[in-house]
Amino acid sequence: MSETGGVPEIVPEFVLPPPTGAYRRLNPTTKLLIALAEALIAFGVRGWSGPVVVLAIVLASGARAGVGARLVPFLLATIPLVASILLVNTFLYPGATDRIFVLGPLAPTWTGLVFAGQATLRVIAFAMSAAVLGLTTGPDELVADLERRGMGRRTAFVLSATVRSVPRVLERVREITEAQRARGLDTEGRIWRRVRGLVPLAGPLLFGALTDVEEQTMALEARGFSAPARRAVIRTFPDSTPQRALRLLLAAGTPLVLLVSVIGMLGFLP
Amino acid sequence: MSLSLRSVTYRYAGSSRRVLRSLDLSIERGEVLGVVGANDAGKSTLCLVAAGLAPTTIGGRLDGEVAIDGAPSAGARPHELAQRCGVLFQNPVTQLSGTTATVWEEIAFGPRNLGLALEAIVERVAWALSLLNIDVLAPRDPARLSGGQAQLVALASVLALRPAYLVLDEPTSQLDPQGTQLAGEAFARLTRSGEVGILLVEHKTDLLERLADRVAVLAEGELVAVGPAAGVLADERLEAWGVDPPARVRLARAAERAGVQLPVSAA
């Protein structure tokens, strides 16, 4: 495995444009393990410490990778979930009696607010972690590296095709929506109207997807997908001894941290 | 050396209807056989059967024999068939793997599946790109190509498997005029290379007139005419079989009805 990664000399250079920036240059599998560890610790370590530490690391990584500003849309996307977490837990936390104030039937509690605050931080830390991974690592890069490490061809294909099919599905939704609108379907306005408008979209979307899958299956067979041979590696990615050590540390250390947290040995942390 | 169908009858799985009936056809290497017919005549089914995908991949019942250069397709595994006979469908989007970042890697997808060495993969990709004159597309993202470009990339991806025969199922039906022109030029280049035998199902008889050596007409699963392209495409019965004659033939007939003498070049 090359320390710098790349493609063999006989393969055109554009197949793997050199990554730029310190964080981006990390091996895709290293970045995946970092994101997984961050998510597990954010959700698995009790109290404020887990999500706060993870969020700090994620934001620092994002800034180092030069994607800080691009995290904002992902942060905004968490607002509906975060708002519901805050409202439900602050006002309806079961068994909490330490009321902040009472206003008619509304009685928010400090216990609920603290729990909601921690849950909010966990969600944001997870979202930011996934966003940093997504913004610094192409899905095809990640899959190519995992395949090189021995992941099965079919698993690699399913993973990669799933990620790359998202824009195509969204495009199809847009086309069907426009076609249905052209025939008088109301897909805007009040929520119940929008929900009702989804029903006529589901059929064409589902049947269209099934037809595509059938044709794609045949096209794959026609390209030798089921051949039992081992595929030649085209792309390799930067790797190094420190990164290998980091991956080992993450793989072994994350479950250990979770275990220590679960049995209460991190009780001294806020 | 030919792709041959002998007394081929085919039924889809779960259906008793014979979609193809007692077909006898053969395509020589270096030859283009055009296939026309009305909707539901069995053209796409013929493509699946000729390429070996039916019944190998999609099931159904096949009577008769399909053989490629003398070797029966029955019993062959899909990846073995892929190297003998490539197939290109109507929709360029569904034929791309959807897993690659560049056109170069998309074309390399098939040869990689076969377990070829990197040197051979690189050589085949370069050959396919060059044959279709699409070298400039190599660094592009396959998901961001026009319909015509995507169809050419799909064709190059099939060609990279070096099949002796190609089955093209209405490859221009979802393309705009510019895309059709691009694809038509690529098919012409391919036929001039003389390296592969091509079965080309196509509604656009103008395109067939330019490309095909012979044309076969399918009607309700039966072969009702087969012969040199010029003769079959000028057959008086073509419209009754649900096929529009080429513009040249329609023009000549209109001129004849109107008593107008056309210049030799137009007729």
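**Notebook: helices of chain A, then chain B**

I started with α2(A), which passes α5(A) in a left-handed crossing (left-handed if the near helix is turned anticlockwise from the far one by less than a right angle, right-handed if clockwise). Before going on, I noted that this is a predicted model, where local features need pLDDT of at least 70, side-chain atom pairs count only at pLDDT 80 or more, and totals for chains, interfaces and linings use all residues. Residues are numbered from 1 along each chain as its sequence is written, while chains are lettered from A and ligands numbered from 1 in the order in which they are written.

**α2(A) and α5(A)**

I looked up the geometry: helix α2 (residues 49-65) of chain A and α5(A) pack at an angle of about 25°, with their axes 9 Å apart. That makes α2(A) roughly parallel to α5(A). My terms: helices (H or I, at least four residues) and strands (E, at least two) are DSSP runs, numbered from the N terminus. Axes are lines fitted to C-alpha atoms, for helices over the stretch in contact, and angles run from 0 to 180 degrees between N-to-C directions. Angles under 35 degrees count as roughly parallel, over 145 as roughly antiparallel, 65 to 115 as roughly perpendicular and the rest as oblique.

On the α2(A) side I found A:Val54, A:Leu55 and A:Val58 among the residues that meet α5(A), whose own residues there include A:Leu121, A:Ala125 and A:Met128. Contact here is C-beta atoms, placed from the backbone, within 7 Å. By class I have 12 nonpolar, five polar and one charged (Ala, Val, Leu, Ile, Met, Phe, Trp, Tyr, Cys and Pro are nonpolar, Asp, Glu, Lys and Arg charged, the others, Gly among them, polar).

**α4(A) and α5(A)**

Next I took helix α4 (residues 79-92) of chain A against helix α5 (residues 110-136) of chain A: the axes come within 7 Å and cross at roughly 160°. The two are therefore roughly antiparallel to each other. I logged this crossing as right-handed. Among the residues making the contact are A:Ile85 and A:Asn89 of α4(A) and A:Phe115 and A:Ala119 of α5(A).

**Chain B against chain A**

How many residues does each chain bring to the contact? I get 39 from chain B and 32 from chain A. On the chain B side, α5(B) gives the largest share, seven residues. That side of chain B divides into 22 nonpolar, 14 polar and three charged.

B:Trp104, B:Glu105 and B:Arg112 are among them. They pack against α3, α6 and α7 of chain B. After α5(B) comes B:Gly115, with a positive phi near 80°.

**The sheet of chain B**

Last, I traced an open sheet of six strands in chain B, order β6-β7-β8-β3-β9-β10, with mixed pairing (two strands pair if DSSP finds at least two bridges between them). The edge strands are β6 (85-88) and β10 (222-228) of chain B. The twist averages 15° from one strand to the next. Strands β3 (residues 32-37) and β9 (residues 214-219) of chain B pair in the parallel sense over five bridges, and B:Val36 stands opposite B:Val217.

Conventions:
Two residues are in contact if their C-beta atoms, placed from the backbone, lie within 7 Å. A residue is buried if 20 or more other C-beta atoms lie within 10 Å of its own, exposed if 12 or fewer, and partly exposed in between; C-beta atoms are placed from the backbone.
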